[in-house]
Amino acid sequence: MSTIAPETSRFLAEQAKKAGLRFLDATVSGSVGPAKEAQLVIMVGGEKADYDEAKPLLDKLGKAAIYLGPNGAGTSAKLAINLLLGITVQGVSETLLFARSLGIETEQMLEIISQSAVGTPLIRGKAASILADDYPAAFALKHMAKDLRLAREAGVSTPLAESAQATYHQALEEGLGELDLMAILRHLQGPSLTK
């Protein structure tokens, strides 16, 4: 269930098969809260028969267990969804900072985002942390930086992916790795800006 490179998953599956074992990559989308409430989305790669056998257990862990194909498919989907997560968090952070530079309070902009077509449970769930400038890790920034690096190594090279990978890497070097990925806002605002 770890987020690893797709080729690592395929290697582990091959090693498991040689040892007479079966192997599924079953990565998840969702952090601490969804895990506690069994609301994870589980992305599964491996043999379809093994998925079918494991599905009753996976259904207890999450709200959806989606079979995607052979080993490596689950980890590939995880890298793709985390790319969107990283871009989304960075985009919201940039939006809040831009609005702030124009005199719009962060709380007001969060309300606008929440009520708009781009409002998401993710951003509504991060609002209190944003307003308090306090980022206890639900999904640590260091893990997002690692996942974006893995996505780059898997071949993504789009403009937004390149920007997000660079930004999270810089935040990691700045020492923000143990904080929640929403701490990307703290990195982007820099030391000269205030809340």
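**Note on the predicted model**

1. At 33% relative accessibility, Ile104 counts as partly exposed, since buried means under 20% relative accessible area, exposed over 50%, and partly exposed in between (1.4 Å probe, protein chains only). Ile104 lies in the loop between α4 (73-101) and α5 (106-115); helices (H or I, at least four residues) and strands (E, at least two) are DSSP runs, numbered from the N terminus.

2. The model is predicted: local features need pLDDT of at least 70, side-chain atom pairs count only at pLDDT 80 or more, and totals for chains, interfaces and linings use all residues. Residues are numbered from 1 along each chain as its sequence is written, and side-chain values use heavy atoms, with hydrogens and water left out.

3. The axes of α5 and α6 (residues 121-132) come within 11 Å and cross at roughly 180°; axes are lines fitted to C-alpha atoms, for helices over the stretch in contact, and angles run from 0 to 180 degrees between N-to-C directions. Helix α5 is therefore roughly antiparallel to α6, a term for angles over 145 degrees. On the α5 side, Thr106, Glu107, Leu110, Ile113 and Ser114 make the contact (heavy atoms within 4.5 Å). Their counterparts on α6 are Ile123, Arg124, Ala127, Ile130 and Leu131.

4. The protein chain has 9 helices and 3 strands, in the order α-β-α-β-α-β-α-α-α-α-α-α along the sequence. Its C-alpha atoms fill a box of roughly 60 × 30 × 25 Å, taken along the principal axes.

5. Of the 195 residues of the protein chain, 39% count as buried. Among contacts between residues at least 6 apart in sequence, 62% join residues at least 24 apart.

How values were computed:
Parallel < 35°, antiparallel > 145°, perpendicular 65-115°, else oblique.
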